[in-house]
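Subject: Structure handover

Hello,

Here is the structure for you to take over. My notes on what turned up in it follow below.

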Amino acid sequence: MKRGWLLGLLLLAPVAVEAAGLPALSVTPAPGGGQSYSLSLQIVMLMTALTLLPAGLLVMTAFTRIVVVLGILRQALGTGATPSNQILIGLSLFLTLFIMEPVFDRVYSEAAKPYLDGSLEFEPALKAAMKPMRGFMLAQTRETDLTTFAKIAGHAGYAGPDEVPFPVLASAFLTSELTTAFQIGFLIFIPFVVIDLVIASVLMSLGMVTLSPVIISLPFKLMLFVLVDGWALVMSTLAASFQAPL
């Protein structure tokens with residue numbers, strides 16, 4: 001697989017200004033022989049949009065499902081703030097890049113590279129870049145969620161996947177991701193709840209009602225998680241839970 005998609009995405013932002021024909025900086029003569037400099041309003045708006053691009057990419061990728069499942073896993077283990085949020089987010093980002101690599105490769109080969117080579121204009125390149133992303137999002141989105149948000153938007157229905165407006169698709173995709181993440185989290189939670197119940201029952205039968213079951217069950221939950229190679233199992237399950245892009 002190509003590894004240049006990330007470089008292409010990084011280069012795509014600054015050259016978009018030139019391709020769009022927007023003057024980045026205007027210089028006007030000032031009284032007394034000096035010069036005054038000013039940024040155009042279009043550039044300010046474009047840079048503002050670029051700052052929102054990472055958040056948009058996170059919402060449109062596998063990140064949401066992964067980080068929610070890892071958060072539920074931490075709660076099920078009962079380890080408090082361990083692993084820390086920074087570790088969970090970093091792990092989620094790298095797993096997201098691993099899962100999304102085929103999609104990003106298509107974005108680079110079909111949109112970013114032709115645009116950087118000058119063989120494709122900005123608007124066609126943007127449409128070509130959205131096609132693989134839409135295919136990935138549609139493959140993970142439930143029909144019921146699409147129908148729900150179509151009704152909210154006041155639409156009767158769509159003739160095909162290409163007719164789904166992006167705001168409707170993004171909302172349905174994010175809702176489906178949360179639903180799937182909670183389903184996976186439920187299955188992860190069950191073994192740890194069973195351990196908590198067993199430990200609590202044993203402590204009550206021994207009359208040790210003042211001793212917190214959480215303190216006793218935590219080592220057993222950690223031991224079970226390590227023995228079954230829990231991290232590798234969770235990572236492989238998350239990677240396998242994503243459908244192939246349409």
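To begin with a charged group and a ring: Arg65 lies over the face of Phe242, 3.9 Å from the ring centre. Please keep in mind throughout that this is a predicted model.

Arg65 also takes part in a salt bridge. Its partner is Glu177, with the closest N and O atoms 2.5 Å apart. This pair joins distant parts of the chain, since Glu177 belongs to helix H7 and Arg65 to helix H3, 112 residues apart. Glu177 and Arg65 are both buried.

Aromatic pairs

Across the whole structure, the search finds four aromatic pairs. One of them is Phe136 with Phe242: the ring centres are 6.1 Å apart and the planes are at 25°, so this pair counts as stacked. Here too, distant parts of the chain are linked, with Phe136 in helix H5 (residues 122–140) and Phe242 in the segment after helix H9 (230–240), 106 residues apart. Phe136 and Phe242 are both buried.

Another pair is Phe192 with Phe225. Their ring centres are 6.3 Å apart and the planes are at 45°, so the pair is tilted. It connects helix H7 (residues 166–205), which holds Phe192, to helix H8 (residues 213–227), which holds Phe225; the two residues are 33 apart in the chain. Both Phe192 and Phe225 are buried.

Phe136 and Phe242 also belong, together with Phe173, to one aromatic cluster.

Helix H5

Which residues of H5 are buried? They are Ala125, Ala128, Ala129, Pro132, Met133, Arg134, Gly135, Phe136, Met137, Leu138, Ala139 and Gln140. The cover over the buried residues of H5 includes helix H3 (63–77), helix H4 (85–117), helix H6 (143–152) and H7.

At 1.5 Å a residue, its 19 residues should span 27 Å, and the end C-alpha atoms are 28 Å apart, which agrees.

Other salt bridges

The count comes to three salt bridges. Besides Glu177 with Arg65, there is one between Glu110 and Arg106, at 3.1 Å from N to O. Glu110 and Arg106 are four residues apart in helix H4, so about one helical turn separates them. Glu110 is partly exposed, at a relative accessible area of 33%, and Arg106 is also partly exposed, at 29%.

Lys221 and Asp196 form a salt bridge too, with the closest N and O atoms 3.5 Å apart. The pair links distant parts of the chain: Lys221 is in helix H8 and Asp196 in helix H7, 25 residues apart. Asp196 stands at 26% and counts as partly exposed.

Backbone

Most residues other than glycine have a negative phi, and most peptide bonds are trans. Two places depart from this pattern. The peptide bond from Thr82 to Pro83 is cis, with omega near -5°, and Pro83 is in the loop between H3 and H4. Asp229 is not a glycine, yet has a positive phi of about 55°. Asp229 is in the loop between H8 and H9 and is partly exposed, with a relative accessible area of 47%.

Confidence

The protein chain has an average pLDDT of 79, and 80% of its residues score at least 70. Among its elements, H3 has the highest mean pLDDT (91), while helix H1 (residues 5–19) has the lowest (43). Where pLDDT is low, the predicted coordinates should not be read in detail.

Regards

Note on methods. Residues are numbered from 1 along each chain as its sequence is written. This is a predicted model: local features need pLDDT of at least 70, side-chain atom pairs count only at pLDDT 80 or more; totals for chains, interfaces and linings use all residues. Side-chain values use heavy atoms; hydrogens and water are left out. Rings of Phe, Tyr and Trp (its six-membered ring) pair if their centres lie within 6.5 Å; planes under 30 degrees apart count as stacked, over 60 as edge-to-face and the rest as tilted. Buried means under 20% relative accessible area, exposed over 50%, partly exposed in between (1.4 Å probe, protein chains only). A charge sits over a ring if NZ of Lys or CZ of Arg is within 6 Å of the ring centre and within 35 degrees of the ring normal. The expected span of a helix is 1.5 Å times one less than its number of residues. Contact means heavy atoms within 4.5 Å. pLDDT is the predictor's confidence in each residue, from 0 to 100. A salt bridge is a side-chain nitrogen of Lys or Arg within 4 Å of a carboxyl oxygen of Asp or Glu.
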